[in-house]
Amino acid sequence: MRAYNLTHLKELEAEAIYVIREVASQFENPAILFSGGKDSITVAHLAKKAFFPAKVPFPLVHIDTGHNFPETINFRDSFVEKLGAQLIVGSVQESIDEGKAVEEKGYNASRNGLQTVTLLDTIEKYKFDACIGGARRDEEKARAKERFFSHRDEFGQWDPKNQRPELWNIFNGRKHFGENFRVFPISNWTEMDVWQYILQENIELPSLYFAHEREVFLRDNTIMACCDFIQRRDTEAPIKKTVRFRTIGDMTCTGAVESDAADLTSIINEVAASRVTERGTRSDDKRSEAAMEDRKKQGYF
């Protein structure tokens, strides 16, 4: 009898699809959190495979800061149309206009942290009881603490010391009224796994991930894209460089890397040789040693 062996990517895919199907079976009104980045694109692709030939039974939820890369928004709309899914957009600008969030001022101002308010309001408005996200444990130490099924209380808060065991991948989705879960199907994936899977599955990505020339400036050793949302100092002169982005978020906190990697194979080789973490270019993670964990406890992602 011929031996049947799965590649590591097939094993990760099977695990993620199992988690996504568990969400469909245990919750009444789930959604997929979709940023337009490679991880959320991968999760949406896995959801498509999990329920094929039926359509993805969850809406895609994007929390729009209003300061996103135009390339991200264009890709988001095209991707959702091809997927045939419902798109729900929560607007940070609306949260600011309603007085629920206060916009930061100054050179380092960012709306990234304000997403928490908008996300929690969107969850409450649409009564989502589970939100599927693309977070991975290798990204950041706060995310490394999280289970596949991450319980949130009625205020959307996360308690890292009070998580449920998931022995043998048995997931407990029990909750009280008003509580919800964040679910992370690709928790066990690494950045390299994601890139190799994207190559294997030929998944379409925003152009930002590939090398391109754009006007940038240097701030605190981070290459930032020139845009109307960032106030530059007199010493931060714009220059043109060939760059790409390893992670995609708000323009005010997402840094680029110099690169000539214009295709997936080149990106994989570059990531394999890199000595800087994927989120090493994210200025929002540098605000404090526990920046991500503090935001997660407040209800972020």
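A charge is taken to sit over a ring if NZ of Lys or CZ of Arg is within 6 Å of the ring centre and within 35 degrees of the ring normal. In this predicted model, the charged end of Arg-137 meets that description, sitting over the ring of Phe-148 at 5.1 Å from its centre. Another such arrangement involves Arg-232, which lies over the face of Phe-217, 5.9 Å from the ring centre.

Phe-148 also belongs to an aromatic cluster, together with Tyr-18, Phe-27, Phe-149, Phe-171 and Phe-181. Across the whole structure, the search finds 13 aromatic pairs. One of them joins Phe-51 and Phe-58, and this pair is edge-to-face because the ring centres are 5.6 Å apart and the planes stand at 90°. Both partners are shielded from solvent: Phe-51 is buried at 17% relative accessibility, and Phe-58 is buried at 3%. Trp-195 and Tyr-209 give another edge-to-face pair, with ring centres 5.5 Å apart and planes at 85°. Trp-195 lies in helix H7 (residues 191–201), whereas Tyr-209 is in the loop between H7 and strand E7 (212–219), so the pair ties together parts that are 14 residues apart in sequence. Trp-195 is buried, with a relative accessible area of 0%, and Tyr-209 is buried as well, at 1%.

Attention now turns to the strands. In a regular strand the side chains alternate between the two faces of the sheet. Strand E1 (residues 30–33) shows Pro-30 and Ile-32 pointing one way and Ala-31 and Leu-33 the other, with all of them buried. E1 runs parallel to strand E4 (residues 130–132), to which 3 bridges join it, and Ile-32 stands opposite Ile-132 of E4. E1 also pairs with strand E2 (residues 60–64), again in the parallel sense, over 2 bridges. In that pairing, Ile-32 stands opposite Leu-60 of E2. Between E1 and E2 the chain crosses through helix H2 (residues 38–51), forming a right-handed β-α-β crossover. The loop between H2 and E2 contains Pro-53, and a cis peptide bond joins Phe-52 to Pro-53, with omega about 10°.

Asn-202 has a phi near 55°, a positive value in a residue other than glycine. Asn-202 is placed in the loop between H7 and E7 and counts as exposed at 65% relative accessibility. Asn-221 likewise has a positive phi, near 65°, in a residue other than glycine. Asn-221 lies in the loop between E7 and strand E8 (222–225), where its relative accessible area of 75% makes it exposed.

Key:
Residues are numbered from 1 along each chain as its sequence is written. This is a predicted model: local features need pLDDT of at least 70, side-chain atom pairs count only at pLDDT 80 or more; totals for chains, interfaces and linings use all residues. Side-chain values use heavy atoms; hydrogens and water are left out. Buried means under 20% relative accessible area, exposed over 50%, partly exposed in between (1.4 Å probe, protein chains only). Helices (H or I, at least four residues) and strands (E, at least two) are DSSP runs, numbered from the N terminus. Two strands pair if DSSP finds at least two bridges between them. A crossover is right-handed if, with the strands pointing away from the viewer, the path from the first strand over the helix to the second runs clockwise. Rings of Phe, Tyr and Trp (its six-membered ring) pair if their centres lie within 6.5 Å; planes under 30 degrees apart count as stacked, over 60 as edge-to-face and the rest as tilted.
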